[in-house]
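Subject: Structure handover

Hello,

Here is the structure I promised to pass on. Please open it first, then read the notes below.

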Amino acid sequence: MFRMNVSIPLSLKAKLDAERRHGTTASGLIRHLLEQHFKGKTAA
């Protein structure tokens with residue numbers, strides 16, 4: 001795995017914190033969103 005740091009506004013951090021209370025980690029959510037974004041796209 002590759003680790004990276006991302007800066008986000010406090011408003012998004014609050015939303016991530018709310019998701020964590022439901023059992024979703026920030027890393028898991030971001031990984032899922034990236035996989036969905038790149039699904040079906042071919043590498044350049």
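**Overall picture**

The protein chain exposes about 4,500 Å², and carbon and sulfur atoms supply 59% of that area. Accessible areas come from the Shrake-Rupley method with a 1.4 Å probe; for residues, only the protein chains shown count as cover.

This is a predicted model: local features need pLDDT of at least 70, side-chain atom pairs count only at pLDDT 80 or more, and totals for chains, interfaces and linings use all residues. Residues are numbered from 1 along each chain as its sequence is written, and side-chain values use heavy atoms, with hydrogens and water left out.

The protein chain has 2 helices and 0 strands. Both terms refer to DSSP runs, numbered from the N terminus: helices are H or I with at least four residues, strands are E with at least two. The C-alpha trace spans about 35 × 20 × 20 Å along its principal axes. Of the 44 residues in the protein chain, 2% are buried. Buried means under 20% relative accessible area, exposed means over 50%, and partly exposed is in between (1.4 Å probe, protein chains only).

**Helix H1**

Start with Leu-16, which is found in helix H1. Leu-16 counts as buried because its relative accessibility is 18%. Its C-alpha lies 6.1 Å from that of Ala-26, 10 residues away in sequence.

Lys-15 lies in helix H1 too. At 56% relative accessibility, Lys-15 counts as exposed. Lys-15 and Gly-28 are 13 residues apart along the chain, and their C-alpha atoms are separated by 14 Å.

A search of the whole structure finds 1 salt bridge. The term means a side-chain nitrogen of Lys or Arg within 4 Å of a carboxyl oxygen of Asp or Glu. Which side chains meet in it? They are those of Asp-17 and Lys-13, at 2.6 Å, N to O. Side chains of opposite charge can pair when their charged atoms come close. Asp-17 and Lys-13 are 4 residues apart in helix H1, so about one helical turn separates them. Asp-17 is partly exposed, with a relative accessible area of 29%. Lys-13 is partly exposed, at 40%.

**Helix H2**

H2 has 13 residues, which should span 18 Å at 1.5 Å a residue; its end C-alpha atoms are 18 Å apart, so the two agree. The expected span is 1.5 Å times one less than the number of residues. Gly-40 follows H2, and its phi is positive, near 85°.

Ser-27 lies in helix H2. It counts as partly exposed because its relative accessibility is 47%. Ser-27 and Leu-16 are 11 residues apart in sequence, with 9.8 Å between their C-alpha atoms.

**The largest pocket**

The largest pocket has a volume of about 690 Å³. It is lined by 18 residues, and the closest to its centre are Met-4, Val-6, Ala-26, Ser-27 and Ile-30. The elements that give two or more residues to the lining are helix H1 (10–20) and helix H2 (26–38). H2 gives the most, with 6 residues. By class, the lining has 9 nonpolar, 3 polar and 6 charged residues.

On terms: a pocket is an open set of points on a 1 Å grid over the protein atoms alone, where a 1.4 Å probe fits, with protein on both sides within 12 Å along at least five of seven lines; lining residues have an atom within 4 Å of a point. Grid points are joined across faces, edges and corners, and the volume is the space filled by probe spheres set on the points. Ala, Val, Leu, Ile, Met, Phe, Trp, Tyr, Cys and Pro count as nonpolar, Asp, Glu, Lys and Arg as charged, and the others, Gly among them, as polar.

Best wishes
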